[in-house]
Amino acid sequence: MQSKKVKVINPYRSAVGLRLMDGMREVLVHPKGFIMLDSEEIFYINNMSGIFSKRKLLVEDDEVNTELGLLSDEVDVTGMTDEQIEKMLKGNIMTMKKQLSGITDKQVIDRVVEVAKQINDLAAGKLKIIQEVSGYDFEQLIPND
């Protein structure tokens, strides 16, 4: 297989460091940033850690995701982009509740809250569900103008 450059995204508010295949080079994926990595490097990192399977970093290539075994029919919140989370929050309340109920990772919860803050017309029922999942008060969910 020929190695190709693949976009790797960090959707969270904290930086993620990676040690590359040669054991010497290290890269930092900044919060809400991305880097371009060879697919060979992605396979190596995936074998050495669970950073892709735990969705701490997202690979933006379906072919590589398929080879890593990360593609599934049902995408959980952890693997969603900010735009997909926004679409979920604006969608059906029962679907949103179902998808948010299984979240236990604090970083994922914080990411959902950050996206929810950007939505001005979010229904009170949806805010209540986000409050229950996150443990935050309503005042923290309402953007400061």
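**Helix packing around H6**

In this predicted model, Ile 93, Met 96, Lys 97 and Leu 100 of helix H4 are in contact with Gly 125, Lys 126, Ile 129, Ile 130 and Val 133 of helix H6. Sorted by class, the residues of this H4–H6 contact are six nonpolar, one polar and two charged. Helix H5 also meets H6, through Ile 109, Val 113 and Ala 116 on the H5 side. The chain as a whole contains seven helices and five strands.

**Overall layout**
- Read from the N terminus, the order of elements is β-β-β-β-α-β-α-α-α-α-α-α.
- Along the principal axes, the C-alpha atoms occupy a box of roughly 50 × 30 × 20 Å.

**H4 against H6**
- H4 spans residues 93-101, and its axis lies 11 Å from that of H6.
- The angle between the H4 and H6 axes is about 5 degrees.
- Angles under 35 degrees count as roughly parallel, so H4 is roughly parallel to H6.

**H5 against H6**
- H5 covers residues 106-118 and H6 covers residues 124-134.
- The axes of H5 and H6 come within 10 Å and cross at roughly 155 degrees.
- Because an angle over 145 degrees counts as roughly antiparallel, H5 is roughly antiparallel to H6.
- The crossing of H5 past H6 is left-handed.
- On the H6 side, the residues that meet H5 are Ile 130, Val 133 and Ser 134.
- The H5–H6 contact is made up of five nonpolar residues and one polar residue, with no charged residues.

**Aromatic rings and charges**
- The charged end of Lys 7 is placed over the ring of Phe 34, at 4.3 Å from the ring centre.
- Lys 56 has its charged end over the ring of Tyr 12, at 5.8 Å from the ring centre.
- How many aromatic pairs are counted, with ring centres required to lie within 6.5 Å? The count is zero.

Definitions and conventions:
Residues numbered from 1 in each chain as written. Predicted model: local features only at pLDDT ≥ 70, side-chain atom pairs only at ≥ 80, totals over all residues. Heavy atoms only, no water. Phe/Tyr/Trp six-rings, centres within 6.5 Å; stacked < 30°, edge-to-face > 60°. Lys NZ or Arg CZ within 6 Å of the ring centre and 35° of its normal. Axes fitted to C-alpha atoms, helices over the stretch in contact; angles between N-to-C directions. Helix = DSSP H or I, 4+ residues; strand = E, 2+ residues; numbered from the N terminus. Parallel < 35°, antiparallel > 145°, perpendicular 65-115°, else oblique. Left-handed = near helix turned anticlockwise from the far one by under 90°. Contact = heavy atoms within 4.5 Å. Nonpolar A, V, L, I, M, F, W, Y, C, P; charged D, E, K, R; others polar.
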